Amino acid sequence: MCGIFAYLNHLVPKNRKEILAILVQGLHKLEYRGYDSAGVGFDITSSISDPLSIGLIKSTGKVNVLEDKIAAESNLDMGRIFNTHVGISHTRWATHGAPTDTNCHPHRSGKENEFFVVHNGIINNYKNIKTFLEKKGFVFESETDTEVIAKFAKLCYDKHPEDSFRRVIETVIAQLEGSFSLCFMSSHFPGELVAVRRGSPLMIGIKSKSKLAADHIPVCYSKDKRDRYNFRSLSGSAADRVSIASISNMPTIPLHLEGDDDVITYGCDEIEYFVASDASAIIEHTNQMVDIEDDEVATIRCGYLTIHRHGKDVDEKATREIQTITLELQQIMKGNYSSFMQKEIFEQPESVFNTMRGRINPDKGTVKLGGLVDHMYEIKRCRRLIFIACGTSYHSAIATRQLLEELTELPVMVELASDFLDRNTPIFRDDVGFFISQSGETADTLVALRYCKRQGALTVGITNTVGSSICRESQCGIHINAGPEIGVASTKAYTSQIVALVMFGLMMCEDRISLQPRRLEIIQGLGELPALIKEVLKVDDLIRDMAQELMEQKSLLIMGRGYNFATCLEGALKVKELTYMHSEGILAGELKHGPLALIDKDMPVFMIVSRDRVYAKCMNALKQVTAREGRPIVIGEQGDEETQKDAFKFIGVPHTVDCLSMILTVIPLQLLSYHLAVLRGCNVDCPRNLAKSVTVE
């Protein structure tokens, strides 16, 4: 989704060229999230004692276009030095209003440029707020839901100009409904930055030459509940028409006393802050980061960072830890590859190994997932296992459902998060819900987690991002350790998710004597998996040649069944995401119930035929396709001459345990989608209209 990046330097002299370069570079690091426009807002005056004005440059298209537009600005003094400066920037993924310069972020409160905001998420009640503001005389420039935020901030400030920046913003967010993260700057508050989170991820990086005074930041709580602003609720519901909660009566900025943990460093120290939607935009500057939790307001003023929230939950931590992120910069660089997706496809031998590292011992036949150990008794006694996810993560649950039913002997439900929520699915206290998300921030999955938690079910998070919302809000979980995945189309996270779920199944049956031979077979297969993936990747040249022949096609069918049905769904999704070609994953058992009508000599068909318990049924489907003059390209096991006889073309993968075959058979389809996208001139890492992290429902 949208990407936020803000930078504040306090007593660290930087010229405008350096500051704008930092802002633009931050946006480059967020490009993988998907976007259609970009913009920056920055201080224009050189001294905090001068009247502040804010500059704004926005552009549709890629960040490079914005960069060129900045370079073409002749009235900017690029050499001007700023001891203290605030800048905010944004990559927009359009939800309200087309991608135009006017709809780009940052958005402003008016022509005087008093308040600027960047926003990731959706404001559900923006129409009501907009109507309210229009009655107050505000004129809107854009079609977005974001502009109401900046204008509402001005209204609050005009009503109470004596209030601090934080108190103004707290008043604003009290009226907002939806999922969002926000970052504000204002000409009325020079050298200050306010960041807010409710649902969408946001973190702050801290860089200081001196040692930080503490490794945590206390959270301050608002207490004053008087209606100082006398606004009516701007919700569309009549039942919600109540006065808004008041703003804190606590001191705006805590005084700096010896040993006071409310501040991070002495005010005279040089310090820089980086606010971003994820760590990839911060890591090149610092590895010291603080995650902002939901409904928190982070304020940076006079070099001090404070965190406020309204009210305290019983089990809530009163501090926010300053974490040291171990992510290396080279991990989010392309290296010698032409794109992040290509790099991530070829990283799968290592990513799968890292998922298993320290957790599985093929020699001893043991599997241990540390994040689940304390909850295994409860999981084994549950009524059913419910796997909830979206997109590729959903396919990883489909891929392992059959094996988990076999190893756990429990009912296993696999649900699309959006549909699960639409149905208000009944959940019981003895259910266990698994919530799968690469980013850990997928909005529908996160809302489903909260729903299940309210019903009393045990919640298990499976993510690739430490410290993500799903990690923090689930009661236990598995980190898949696949490493950073930058390409919008997921590849290595998918195979690592499958491995993690297989290991969970192995833990569930460790004390079942009748399943031990099967269990040991799977453990041995997992140990061999990295080497087998390397072998599969050798078909890259063959796949490239096939892509040359298929690049002009309009549609593509992928068929299979059993463990490889998920491969069909995932392969078709990859083709759709990257090439914009229609593609459909079809269960081979449903061939006669409609899809067979599509088969002729001109329809490209991929079929996955592995030597497993459904081999004979897959061969029947293969013969039905060839009988209708179909020309199936078969993905099967190396050396399987019987299957090759009926194949128009054949892609061989090594033999492995049946329940792991989907990890090997999906890789040729990942390569196919990549090569088709390149040949068709598509953006491999950032497909149109798509975002890496879907943080709105």
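Where is the place of Asn481? Asn481 sits in the loop between strand E23 (476-479) and H13. Helices (H or I, at least four residues) and strands (E, at least two) are DSSP runs, numbered from the N terminus.

This is a predicted model, in which local features need pLDDT of at least 70, side-chain atom pairs count only at pLDDT 80 or more, and totals for chains, interfaces and linings use all residues. Residues are numbered from 1 along each chain as its sequence is written, and side-chain values use heavy atoms, with hydrogens and water left out.

## Overall picture

The chain has 19 helices and 28 strands. Buried residues make up 62% of its 697 residues. Buried means under 20% relative accessible area, exposed over 50%, and partly exposed in between (1.4 Å probe, protein chains only). Among contacts with a separation of 6 or more, 76% join residues 24 or more positions apart. Contact means heavy atoms within 4.5 Å.

Mean pLDDT for the chain is 88, and 90% of its residues reach 70 or more. pLDDT is the predictor's confidence in each residue, from 0 to 100. Residues 225-230 have pLDDT below 50, with 18 contacts in the model beyond near neighbours in sequence. Residues 236-268 also fall below 50, with 85 such contacts. Where pLDDT is low, the predicted coordinates should not be read in detail.

The largest nonpolar core holds 95 residues. Such a core is a set of buried Ala, Val, Leu, Ile, Met, Phe, Trp, Tyr and Cys residues joined through side-chain atoms within 4.5 Å. Leu385, Phe387, Phe504, Ile522, Leu526, Phe606 and Leu672 touch the most other members. Helix H13 (residues 492-508) gives the largest share of this core, twelve residues. In soluble globular proteins, nonpolar side chains tend to be buried together.

Take Phe504. Beyond four places in sequence, Phe504 is in contact with Leu369, Leu372, Ile379, Leu385, Phe387, Leu404, Phe434 and Ile478.

H13 also packs against another helix. The axes of H13 and helix H19 (residues 661-679) come within 10 Å and cross at roughly 175°. Axes are lines fitted to C-alpha atoms, for helices over the stretch in contact, and angles run from 0 to 180 degrees between N-to-C directions. H13 and H19 are therefore roughly antiparallel to each other, a label for angles over 145 degrees; under 35 counts as roughly parallel, 65 to 115 as roughly perpendicular and the rest as oblique. Tyr494, Thr495, Ile498 and Val499 of H13 meet Met662, Ile663 and Val666 of H19. These contact residues divide into six nonpolar, one polar and no charged. Here Ala, Val, Leu, Ile, Met, Phe, Trp, Tyr, Cys and Pro count as nonpolar, Asp, Glu, Lys and Arg as charged, and the others, Gly among them, as polar.

Leu550 is in helix H15 (residues 540-550). Leu550 is buried, at 10% relative accessibility. Outside four places in sequence, Leu550 touches Met581, Pro604, Phe606, Ile633, Leu672 and Leu676.

Thr491 lies in the loop between E23 and H13. Thr491 is buried, at 0% relative accessibility. Not counting residues up to four places away, Thr491 touches Met341, Glu344, Ile345, Gln348, Glu485 and Gln670.

Two C-alpha pairs, one from each of these residues:

| Pair | Separation in sequence | C-alpha distance |
|---|---|---|
| Leu550 and Leu676 | 126 residues | 7.6 Å |
| Thr491 and Thr392 | 99 residues | 8.7 Å |

## Buried helix and loop

Helix H5 (residues 165-173) is largely enclosed by the rest of the structure, because nine of its nine residues are buried. Among them are the charged residues Arg166, Arg167 and Glu170.

His96 lies in the loop between strand E4 (81-92) and strand E5 (107-108). His96 is buried, with a relative accessible area of 17%. Beyond four places in sequence, its contacts are Ile122, Tyr126, Glu143, Thr144 and Asp145.

## Backbone details

Most residues other than glycine have a negative phi, and most peptide bonds are trans. The His105 to Pro106 bond is cis, with omega near 0°. Pro106 is in the loop between E4 and E5.

Asn481 has a positive phi of about 55° although it is not a glycine. Asn481 is partly exposed, at 28% relative accessibility. Tyr580 also has a positive phi, near 65°. Tyr580 is found in the loop between helix H16 (565-579) and strand E25 (582-587). Tyr580 is partly exposed, with a relative accessible area of 28%.
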